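Please open the model in your viewer and keep the sequence at hand; the stops below say what to select next and what is there.

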Amino acid sequence: VVHFNFYNRDNVEWSEEQEATARSKVQENSSQLLPQDKQEEYEVNAKRYWDDFYKIHENGFFKDRHWLFTEFPELVPNRNPSQNEDSLCEFSCKEPKNEGLGSCENGHCTVETRAENQLNLIKNRSTFCAEELAPQKLKRSDEDYPGSSASYRILEVGCGAGNTVFPILQTNNDPGLFVYCCDFSTTAVDLVQSNVEYDSSRCFAFVHDLCNDQSPFPMPDESLDIVILIFVLSAILPEKMQCVINKLSRLLKPGGMILLRDYGRYDLAQLRFKKGQCLSANFYVRGDGTRVYFFTQDEIDDLFTRAGLQKIQNLVDRRLQVNRGKQMTMYRVWIQCKYQKPAAPQL
């Protein structure tokens, strides 16, 4: 460990003592719940908190997620696996150097993957949805809608400033590709649409509130090949998560897939919360008013199978990260999943 400024080890086994210590910290920081009126205030004002976040940070807080093509090759289905690693090297020179592992601001802790470790890149983002956003007025028919002529359609939910959508557009050169991206923060969507790389012939960014049934999608049901949820589901009120997954499942074509990466139980970020920041079991509010939930594999599996999806992958990614410069040792826990809509029965 001491030979490197940044050290990352995958698949770290936790001892019983370590897990007991983590459980004790969670019991302590969740022993005092916020009053119900404060919880309702965070729900009602959720959009404002995320708008404020993007007004302050714009597109400078999270880094582009080029690691996605290693973890989720389905995003570039016609690409050779070896090319995914090449793209990481190609894009690395375009990204600014990060200050190092373990940086946190108001509870937003950095995230690292296997591919990022190879490049010493750190990337993270979490997005949100709430009921108070007025529905966006989108006109659509099932025959004529943005991307209707595309042969491969991807939707990123909680797009933020575009740190997922732009790497996809850069890497996937399939002329039949069309990428939708949405966020319930108007400020975030404005950042995507004003980006010089935004191409309306290949992409459509729109404001959408996942938790509001009156907020329409621009595409019809059973039209999407891929839905991406990267640190998004954790920002939703737990009681509303099932309805959200049901809603997204309906958008998938038979054989289509939801790709998810999110916070796991006892992640460093959960253990760092102080007493008085807990809203309900494993659900917390950050210093900037945004919220986050920490999942188990079984919780994720229950949400997706209840929506009629089949498990392709559901794993816990436990890793040790060491920042020698800051003298920090961190244990991160993430859940990574792929769930597929059953293919239509052959007649």
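**A buried glutamine**

Begin by selecting Gln336, whose place is in strand E13, and bear in mind throughout that this is a predicted model. Gln336 is buried, with a relative accessible area of 2%. Display its side chain and look for two polar contacts: one with the side chain of Glu71 at 3.1 Å, and another with the side chain of Gln313 at 3.4 Å. If you then select what surrounds Gln336, leaving aside neighbours within four places in sequence, the residues in contact with Gln336 are Glu71, Phe72, Leu260, Arg261, Gln313, Asn314 and Leu315.

**Helix H11**

Next, select helix H11, residues 297-306, and colour its buried residues, which are Ile300, Leu303 and Phe304. Viewed down the axis of H11, these buried residues fall within an arc of 90°, so they line one face of the helix. An α-helix has 3.6 residues a turn, so residues three or four places apart point the same way. Turn to the face of H11 that is directed away from the buried side, and you will find the exposed residues Asp298 and Arg306. Just after H11, stop at Gly308, which takes a positive phi of about 85°.

**Aromatic pairs**

Now show the aromatic side chains, among which twelve pairs are counted. Select Phe273 and Phe294, an edge-to-face pair with 6.3 Å centre to centre and 70° between the planes. Phe273 lies in the loop between helix H10 (268-271) and strand E9 (278-280), and Phe294 in the loop between strand E11 (291-293) and H11, so the pair ties together parts that are 21 residues apart in sequence. Both Phe273 and Phe294 are buried. Then move to Phe304 and Tyr339, whose ring centres are 4.7 Å apart with their planes at 25°, so this pair is stacked. With Phe304 in helix H11 and Tyr339 in strand E13, the pair links distant parts of the chain, 35 residues apart. Phe304 and Tyr339 are each buried. Select also Phe231, Tyr263, Phe273, Tyr284 and Phe294, which form one aromatic cluster.

**The nonpolar core**

Which residues have the most contacts inside the largest nonpolar core? Select Leu75, Leu155, Leu233 and Leu248, which hold that place in a core of 88 residues.

Notes: Residues are numbered from 1 along each chain as its sequence is written. This is a predicted model: local features need pLDDT of at least 70, side-chain atom pairs count only at pLDDT 80 or more; totals for chains, interfaces and linings use all residues. Side-chain values use heavy atoms; hydrogens and water are left out. Buried means under 20% relative accessible area, exposed over 50%, partly exposed in between (1.4 Å probe, protein chains only). Helices (H or I, at least four residues) and strands (E, at least two) are DSSP runs, numbered from the N terminus. The arc is that of the directions from the helix axis to the C-beta atoms. A nonpolar core is a set of buried Ala, Val, Leu, Ile, Met, Phe, Trp, Tyr and Cys residues joined through side-chain atoms within 4.5 Å. Rings of Phe, Tyr and Trp (its six-membered ring) pair if their centres lie within 6.5 Å; planes under 30 degrees apart count as stacked, over 60 as edge-to-face and the rest as tilted. A polar contact is a pair of N or O atoms within 3.5 Å; within protein, one must be able to donate a hydrogen and the other to accept it, and residues adjacent in sequence count only if both atoms are side-chain atoms. Contact means heavy atoms within 4.5 Å.
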